[in-house]
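These are my notebook entries on one structure. I set down what I looked up, entry by entry.

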Amino acid sequence: MKILITGITGFAGSHLADFILKENLGTIVGIQRWRSDLTNVKHLLGKVDMYECDLRDASSVRDLIESVKPDKIFHLAAQSFVPTSWNAPTESLSTNILGQLNIFEAVKKVKIDPWIHIAGSSEEYGMVFEDEVPISETNPLRPLSPYAVSKVGQDMLGYQYFKSFGMKIVRIRGFNHTGPRRAPVFVCSDFAKQIVDMEKGKRKPEMFVGNLEARRDFTDVRDMVKGYWFALEKCEPGEVYNICSGKTWYIKDILSMLIEISGADIEVKQDPKRLRPSDVEILLGDNSKFIRATGWAREYEFKQTLEDLIEFWRDFPE
Ligand code: GDD
């Protein structure tokens with residue numbers, strides 16, 4: 001079993017590789033660009049094959065698919081930070097949509113028939129009304145950022161290539177996930193790192209935050225990647241599935257949980273630069289379709305995830 005992971009150098013990709021190796025599920029090929037940061041995969045080097053490829057370059061992707069001929073593809077590479085998509089919308093749309101298109105076209109031209117996982121997002125639902133939660137897969141898509149539009153594009157391309165060419169594509173709408181190795185631009189990791197920097201005396205006990213009134217449905221990354229694996233083992237090609245915990249947290253409550261874990265005495269200040277032109281106010285998913293198909297169950301409680309995240313930053317080499 002040859003498994004290709006795009007985005008292996010990132011957060012979810014590196015955890016998925018850990019899961020596959022631990023369970024001895026196959027041989028992994030990951031991709032990197034010449035300037036990729038390899039911090040998240042240092043422990044994997046020598047255990048996975050790394051291949052240089054830029055997904056925005058169709059010929060590079062075709063060479064990759066031709067030489068690897070994967071049985072499964074987990075497509076996790078993306079511009080994944082919502083605020084960046086307002087500052088660099090063209091880059092976000094082209095990386096996310098055209099990168100995926102290049103994979104589909106390469107698979108078609110090389111004439112292989114792998115299972116393909118598509119990383120859609122709960123951001124696709126965007127503007128969700130209070131009477132629409134928990135959000136099921138049939139909820140309308142009302143994206144509120146260029147990032148969210150790019151994920152709708154990826155999702156719909158997955159549907160279209162399944163319908164047009166019978167490709168075995170499973171579309172996953174992943175809700176928020178966090179845990180060790182999360183980049184410190186995302187809310188839980190950002191807050192955890194600020195707190196740990198205070199513990200280490202690297203900054204004043206002042207915490208900068210954005211919109212604390214938003215609500216998000218969080219899953220531990222280690223549960224999320226297990227879900228990705230189940231998706232290609234047990235789900236229907238062409239179909240779409242939410243992966244989420246089915247619980248939602250106010251960002252302000254997550255901040256309180258992190259402060260409580262640390263025990264630090266902290267002054268919280270809103271930084272206007274952290275507010276978005278439009279923010280998704282509530283994400284609370286319905287995971288019943290995915291659980292029915294796969295039997296997936298979460299192992300990590302959210303408090304444990306936050307404790308592990310704080311520990312990750314405490315141990316992070318200076
Ligand atoms: N990043 C950040 N920093 N977010 C903050 C802050 C802050 O200081 N303060 C409040 N927030 C709020 C944001 O406004 C948002 O409502 C929420 O915290 C979560 O923000 P992020 O962690 O940046 O994630 P996201 O929800 O925008 O997107 C993440 O989840 C999606 C799935 O729903 C990303 O992982 C996406 O790639 C993913 O698709």
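**Entry 1: the ligand**

How far does a backbone N or O atom of glycine 210 lie from a nitrogen atom of the ligand? I found a distance of 2.8 Å. I note at the outset that the model is predicted.

For serine 122, an N or O atom of the side chain is 2.4 Å from a ligand oxygen. For aspartate 279, a polar side-chain atom lies 2.7 Å from an oxygen atom of the ligand. On its own the ligand has 720 Å² of accessible area, and the protein covers 96% of that.

Next I listed the shell. It holds 25 residues, and the closest are Ser80, Ser121, Ser122, Tyr147 and Arg274. By class, I recorded twelve nonpolar, seven polar and six charged residues around the ligand.

**Entry 2: the nonpolar cores**

Which members of the largest nonpolar core touch the most other members? I recorded Ile5, Ile20, Ile172, Tyr228 and Phe290, out of 31 residues. At least two residues of this core come from each of strand 1 (2-6), helix 1 (11-22), strand 6 (168-174), helix 7 (221-234) and strand 11 (240-243). Helix 7 gives the largest share, eight residues. As background, nonpolar side chains in soluble globular proteins tend to be buried together.

I took isoleucine 172 as a case to follow. Setting aside residues up to four places away in sequence, isoleucine 172 touches His117, Ile118, Ala119, Gly120, Ser121, Tyr228, Ala231, Tyr241, Ile243 and Phe290. Ser121 in that list is also one of the closest residues to the ligand.

Is aspartate 155 buried or exposed? Aspartate 155 has 1% relative accessibility, so I count it as buried. Its place is in helix 5 (residues 146-165). Its side chain makes a polar contact of 2.7 Å with that of arginine 173. Beyond four places in sequence, I listed Glu124, Arg171, Arg173 and Val240 as contacts of aspartate 155.

Aspartate 220, in strand 10 (residues 219-220), is buried as well, with a relative accessible area of 2%. I recorded a polar contact of 2.8 Å between the side chains of aspartate 220 and threonine 305. With neighbours within four places left out, the contacts of aspartate 220 are Thr178, Tyr300 and Thr305.

Lysine 273 is exposed, at a relative accessible area of 75%. I placed lysine 273 in the loop between strand 13 (267-270) and helix 9 (288-294). From lysine 273 to methionine 156 I noted 32 Å, C-alpha to C-alpha, across 117 residues of sequence.

**Entry 3: backbone exceptions**

Most residues other than glycine have a negative phi, and most peptide bonds are trans. I therefore looked up the departures from this pattern.

The peptide bond from valine 133 to proline 134 is cis, with omega near -5 degrees. Proline 134 lies in the loop between strand 5 (115-121) and helix 5.

Asparagine 24 has a positive phi of about 55 degrees, and I found this residue in the loop between helix 1 and strand 2 (27-32). Its relative accessible area is 68%, so asparagine 24 is exposed. Arginine 181 also has a positive phi, near 80 degrees, in the loop between strand 7 (177-178) and helix 6 (187-199).

Key:
Residues are numbered from 1 along each chain as its sequence is written. This is a predicted model: local features need pLDDT of at least 70, side-chain atom pairs count only at pLDDT 80 or more; totals for chains, interfaces and linings use all residues. Side-chain values use heavy atoms; hydrogens and water are left out. A nonpolar core is a set of buried Ala, Val, Leu, Ile, Met, Phe, Trp, Tyr and Cys residues joined through side-chain atoms within 4.5 Å. Buried means under 20% relative accessible area, exposed over 50%, partly exposed in between (1.4 Å probe, protein chains only). Helices (H or I, at least four residues) and strands (E, at least two) are DSSP runs, numbered from the N terminus. Contact means heavy atoms within 4.5 Å. A residue is near a molecule or strand if one of its heavy atoms lies within 4 Å of it. A polar contact is a pair of N or O atoms within 3.5 Å; within protein, one must be able to donate a hydrogen and the other to accept it, and residues adjacent in sequence count only if both atoms are side-chain atoms. Accessible areas come from the Shrake-Rupley method with a 1.4 Å probe; for residues, only the protein chains shown count as cover. Ala, Val, Leu, Ile, Met, Phe, Trp, Tyr, Cys and Pro count as nonpolar, Asp, Glu, Lys and Arg as charged, and the others, Gly among them, as polar.
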